[in-house]
Amino acid sequence: QVQLVESGGGLVQAGGSLRLSCAASERSLWNYAIGWFRQAPGREYEFVAAISRSGGVTYYADSVTGRFTFSRDNAKSTAYLQMNNLKPEDTAVYYCAARLPPSISIYYTTRNDYDYWGQGTQVTVSS
């Protein structure tokens, strides 16, 4: 079982940038496919981005494509979500999630696909 801890959230003006981190409690994150989800007040969880175990495959929601970049450093057991050109509609609590995949190239985009979740980090974008 892996424990995930997100960090890097905060308050930023529209057009600004933040980098979120998702760190694993042990040096095992390289085993897992990882995803980012977000939840704004009063709304459902929304898929943001996913990355394969190898890091070679990424997938993004249409709403963040071209602005967000998902990467991972397996040696540091940490994944990163670089968020550029932030918009007020990006305001939400961001969660990372992990799952053991059957191969190194698979990624997952549905909340129910993931087995492990972090506690979330708040991102607020002011207009």
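Is Arg38 buried or exposed, and at what relative accessibility? Select Arg38 to find out: at 4% relative accessibility it counts as buried (buried means under 20% relative accessible area, exposed over 50%, partly exposed in between, with a 1.4 Å probe and protein chains only).

Before moving on, note that this is a predicted model, where local features need pLDDT of at least 70 and side-chain atom pairs count only at pLDDT 80 or more, while totals for chains, interfaces and linings use all residues. Residues are numbered from 1 along each chain as its sequence is written, and side-chain values use heavy atoms, without hydrogens and water.

Arg38 and Glu46 form a salt bridge, with the closest N and O atoms 2.8 Å apart (a side-chain nitrogen of Lys or Arg within 4 Å of a carboxyl oxygen of Asp or Glu).

Now select Asp90, which is buried at 0% relative accessibility. Its side chain meets Arg38 in a salt bridge at 2.9 Å, N to O. Bring in Arg67 too: Arg67 and Asp90 pair at 2.7 Å, N to O, and Arg67 is also buried. Salt bridges with shared partners join Arg38, Glu46, Arg67 and Asp90 into one network.

Last stop: Glu6. Glu6 is buried yet has no salt bridge, and the nearest side chain of opposite charge, Arg111, is 11 Å away (Lys and Arg count as positive, Asp and Glu as negative; His and the chain ends are not counted). Show backbone atoms here, and you will see the Glu6 side chain reach the backbone nitrogen of Gln119 at 2.9 Å and that of Gly120 at 2.8 Å.

Methods: Polar contact = N/O pair within 3.5 Å; in protein donor to acceptor, adjacent residues only side chain to side chain.
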